[in-house]
Amino acid sequence: MKYILRIFFFCAVASFFFASCGSQKNVIKNQTAAVNYARDHRQTELKELVKEYRTLIRSLDKDEKPAPGLYAEYGLLLFRSGDLKNAEKMLQTEMQHYPESKTYIEAFLNK
Amino acid sequence: MKTNTILFTIVLGCFLFAGCNSEKKAARYKNIYDEKPAVVMGAKPIDYTPRKSPKEKNAKRHNLELENSNIYFHQSLLNTLNTKGYYVIPYFNTEEILKKYTPADSTGANNAGVLRVFSEKYGVDAILFATIFRWKEEENQWSVYIEYKLKSTKTNNLLFHAKCKGVKNIPYNTRGNIAIASFDRGILKHLEFDTRTLNRMILLAKMNDFVLKNLPNGQSHKDFEKDMEKAAIPEYLEFSIDETGALSVVPISLEQFEHEWIIEE
């Protein structure tokens with residue numbers, strides 16, 4: 001029985017991984033900077049991340065839907081780097097694309 | 001040719017037979033199908049793995065390795081949930097929310113009523129709690145014991161629960177140092193960490209992928225509510241990556257999970 005289940009779950013795992021291929025479009029690639037910035041909150045990594053997000057957002061096609069959270073996270077990083085005007089603009093853009101983000105983004109904007 | 005046909009029939013038969021015995025998602029994740037959470041937040045994972053004291057050998061390296069792996073683990077949880085069609089509060093925005101409010105018990109074990117604030121103030125429908133109980137390092141094989149809990153902020157119901165033991169074969173190079181397997185290099189092209197940390201990250205990311213991808217599809221997924229008849233993963237399981245990169249999953253008992261992480265040294 002254990003062997004049978006092993007076969008079944010091996011097939012299931014394989015199908016999960018095939019199904020997930022290509023689903024990471026529209027997300028930042030610089031995971032190293034994301035981990036390092038999350039750990040130490042250093043300005044150098046913050047700058048790197050802001051640059052990465054900017055490039056990613058500029059690369060989107062005009063009618064391409066951004067990944068959920070993309071503008072929200074970019075907005076927050078801009079806020080942390082002191083660019084308040086663009087930060088607000090990005091957070092508003094997230095709300096337009098994803099109305100479900102409205103409550104937490106408004107809570108942040110009202111802070 | 002005939003042998004292949006027989007073999008294929010046996011495998012297919014086993015597959016169907018095993019499938020019939022698996023619990024369906026509709027039953028296992030009833031609370032999720034009922035509540036239909038749309039916005040999900042991931043609490044900062046808790047890691048009970050002991051840290052080395054500054055006087056111990058390689059203490060700095062070891063502790064940094066765990067810290068980096070945990071951050072990546074958290075980010076990977078959120079990315080995986082995102083691909084399932086949930087609106088996930090991004091990592092750095094979560095960090096902001098957690099500065100102000102933290103779930104009273106970060107393991108999600110006992111927080112009746114406390115989670116409601118996340119629903120009222122931030123529109124969060126459910127919070128994912130992840131706890132790493134322990135990392136176990138044996139020469140060629142590393143294991144990690146993790147619990148996942150998704151809790152409703154509105155009803156405090158447990159929406160999803162799994163306890164998983166993850167096992168990874170650790171490759172060594174000709175000099176006897178820990179290396180990265182060739183089949184793992186693709187995943188790691190955007191990560192520049194030492195090989196020990198990377199091996200941990202690979203195991204954590206693959207476990208997250210397997211466990212969380214079994215959740216019901218979220219509201220923005222094209223197959224929302226079309227997966228109820230699919231098989232749910234066992235609540236207690238062992239997930240292994242062998243030396244060829246092949247994955248296997250077997251159900252384990254709660255007793256085995258608890259026995260290994262609490263008692264065995």
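**Close-up views of a predicted two-chain model**

Chain A of this predicted model has a mean pLDDT of 83, with 77% of its residues at 70 or more.

**View 1. Helix α4 of chain A, residues 70-80.** Of its 11 residues, 10 are buried, so α4(A) is largely enclosed by the rest of the structure. Leu70(A), Leu76(A), Leu77(A) and Leu78(A) are among the buried residues.

**View 2. Surroundings of α4(A).** Within chain A, its buried residues pack against α2 (31-40), α3 (43-59), α5 (84-97) and α6 (102-109). Chain B contributes β3 (87-88) and α5 (91-100). Gly82(A) follows α4(A) and has a positive phi, near 95°.

**View 3. Packing of α4 (residues 59-83) and α7 (residues 195-212) in chain B.** The helices pack at an angle of about 25°, with their axes 9 Å apart. That angle makes α4(B) roughly parallel to α7(B). The crossing is right-handed.

**View 4. Residues where α4(B) meets α7(B).** From α4(B), the contact residues include Arg61(B), Glu65(B), Leu66(B), Tyr72(B), Phe73(B), Leu77(B) and Leu81(B). From α7(B), they include Arg196(B), Arg200(B), Met201(B), Leu204(B), Ala205(B), Asp209(B) and Leu212(B). By class, the contact has nine nonpolar, seven polar and five charged residues.

Methods: Residues numbered from 1 in each chain as written. Chains lettered and ligands numbered in written order. Predicted model: local features only at pLDDT ≥ 70, side-chain atom pairs only at ≥ 80, totals over all residues. Heavy atoms only, no water. Axes fitted to C-alpha atoms, helices over the stretch in contact; angles between N-to-C directions. Helix = DSSP H or I, 4+ residues; strand = E, 2+ residues; numbered from the N terminus. Parallel < 35°, antiparallel > 145°, perpendicular 65-115°, else oblique. Left-handed = near helix turned anticlockwise from the far one by under 90°. Contact = heavy atoms within 4.5 Å. Nonpolar A, V, L, I, M, F, W, Y, C, P; charged D, E, K, R; others polar. Buried < 20%, exposed > 50% of the residue type's maximum accessible area, 1.4 Å probe, protein only. pLDDT = per-residue confidence, 0-100.
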